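This report looks at a ligand site and at a pocket. The model comes first, then the details.

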Amino acid sequence: MIRDPEHEKMPRKQLEELQLKRLQAKVKEVYEKVPFYRRAFKEKGVTPDDIKTLADLKKLPFTSKLDFRDNYPYGLMAVPLEKVVRIHSSSGTTGKPIVAPYTAADVDMWAEVMARSLASAGMTKHDVMQNAYGYGLFTGGLGFHYGCERLGATVIPTGAGNTKRQIILLQDLGTTVITCTPTYAFILNETAKEMGVDLRETKLRLGICGAEPWSEQMRKDMEEKLHISAINIYGLTEVIGPGVSVECEHKNGMHIWEDHFLVEIIDPGTGEPLPYGKEGELVITTLTKEAQPVIRFRTRDITNLSVEPCKCGRTMVKMARITGRSDDMLVVRGVNVFPSQIESVLLEVEGVEPHYLIVIDRRDVFSAEDLEIWIEVSEEVFSDEMQKMERLEKKLRAEMDSVLGISARIKLVEPRTIVRTEGKAKRVVDRKELPNSGLITK
Ligand code: DLL
């Protein structure tokens with residue numbers, strides 16, 4: 001269902017006029033009210049008057065996670081604290097948390113884009129939504145909660161965890177929609193099975209999942225196992241929380257609510273804007289947020305944009321699934337390489353395990369002269385004849401070449417050569433550091 005056809009189906013020309021008007025006002029506002037932006041604009045030699053068209057956006061400086069840290073906690077705010085009605089937060093990459101303050105108007109806008117998002121995912125006011133995103137500082141819980149109430153549907157604010165109770169409530173209260181991370185959807189299913197409950201026999205029909213990367217393969221699996229339709233939703237604390245973009249029933253990209261969020265794709269290495277269709281880093285400028293507007297925020301998320309008309313009738317551009325984070329990106333002989341690309345090859349090829357290491361010889365953090373990929377083979381392949389190993393190596397080399405666009409050396413290693421980590425796995429290592437890295441078992 002389209003909740004706000006006036007905006008969601010706005011002809012592009014009209015939408016761009018609206019964006020420009022809002023952008024000009026916001027840029028002027030942050031220049032006047034936020035010393036950080038005024039300084040950054042001055043350093044780039046740009047003033048609000050230089051923004052005459054949307055293309056002029058590229059003249060403005062980027063904002064990064066680091067700027068949030070440096071201006072912690074309130075340095076990026078454009079309103080006095082007394083106008084702030086709520087604060088959320090997420091863990092930053094560099095120690096200090098990211099702080100996200102909202103005015104009453106921000107909370108209202110957020111509820112509205114979330115209500116739009118839930119409607120786009122296929123929810124109506126007749127649904128019962130069990131909200132298993134974490135409540136509290138994390139934006140997931142309250143973001144979905146307010147959106148659901150705004151839509152007029154019923155929300156059950158379970159939050160994350162206490163999985164057995166979730167299953168009981170889901171059955172007894174007639175939950176039709178589950179909102180949670182993709183990982184948690186699978187945990188729910190496992191627990192239900194252990195309890196002798198088949199989720200396919202409940203009223204559950206829809207899952208709205210996000211907050212972490214997942215794949216098409218996972219969607220298929222989830223849809224089959226839980227007997228639901230699964231929809232991808234995206235957002236981030238620095239920008240608003242969930243509700244920046246979401247899929248429609250056609251499930252081929254997430255519509256970005258462009259009347260509030262102006263997006264660009266840039267080359268993460270050079271910072272240059274890239275055209276529609278090209279893969280790169282997503283950069284977002286908030287057009288309406290009051291408490292803490294962001295100008296050209298570098299999300300680090302890698303995706304591409306499509307402006308092709310969608311069968312649903314919405315005119316807003318769609319972003320593809322996030323395929324990686326630019327923090328992980330390597331530049332090998334001028335070509336951008338992401339660990340996620342390597343992983344995708346490994347998941348397709350039989351006989352290898354998704355345990356790998358990228359060993360590089362590099363001069364600095366961004367450049368790698370030479371790429372060698374260590375890949376663990378399965379027990380069966382390892383104990384088989386040499387010839388089979390050679391064939392596998394050749395196959396992997398060809399697949400990697402075509403996916404990465406550069407040639408990489410492949411080194412097949414024994415099962416359990418690569419150390420397993422519980423947290424985020426470290427995949428890239430400098431050859432010089434390899435012996436003492438703790439990443440290999442021998
Ligand atoms: O995760 C907001 C959210 C809550 C989105 C609930 C969707 C549902 P943060 O904790 O600030 O905010 O994390 C933001 O998570 O930059 C992406 O790297 C990642 N992310 C969010 N949604 C998706 C998604 C929330 N659908 C960071 N696919 C973002 C892949 C996602 N990655």
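## The shell around the ligand

Strand E7 gives the most to the shell around the ligand, with five residues. This is a predicted model. E7 spans 229-236, and helix H6 (139-151) also supplies at least two residues of the shell.

In total, 19 residues surround the ligand. The closest are Ala 211, Asn 232, Ile 233, Thr 237 and Asp 301. By class, the shell divides into ten nonpolar, six polar and three charged residues.

## Polar contacts and burial

How much of the ligand does the protein bury? The ligand exposes 610 Å² when taken alone, and the protein buries 89% of that.

## The second largest pocket

The second largest pocket has a volume of about 400 Å³. It is lined by 19 residues. Closest to its centre are Leu 54, Leu 57, Val 263, Glu 264 and Tyr 276.

Two elements give two or more residues to this lining: helix H2 (12-33) and strand E10 (261-266). E10 gives the most, with four residues. The lining residues divide into twelve nonpolar, two polar and five charged.

Technical notes: Residues are numbered from 1 along each chain as its sequence is written. This is a predicted model: local features need pLDDT of at least 70, side-chain atom pairs count only at pLDDT 80 or more; totals for chains, interfaces and linings use all residues. Side-chain values use heavy atoms; hydrogens and water are left out. A residue is near a molecule or strand if one of its heavy atoms lies within 4 Å of it. Accessible areas come from the Shrake-Rupley method with a 1.4 Å probe; for residues, only the protein chains shown count as cover. Ala, Val, Leu, Ile, Met, Phe, Trp, Tyr, Cys and Pro count as nonpolar, Asp, Glu, Lys and Arg as charged, and the others, Gly among them, as polar. On a 1 Å grid over the protein atoms alone, a cavity is a set of points where a 1.4 Å probe fits but cannot get out, and a pocket is an open set with protein on both sides within 12 Å along at least five of seven lines; lining residues have an atom within 4 Å of a point. Grid points are joined across faces, edges and corners, and a volume is the space filled by probe spheres set on the points.
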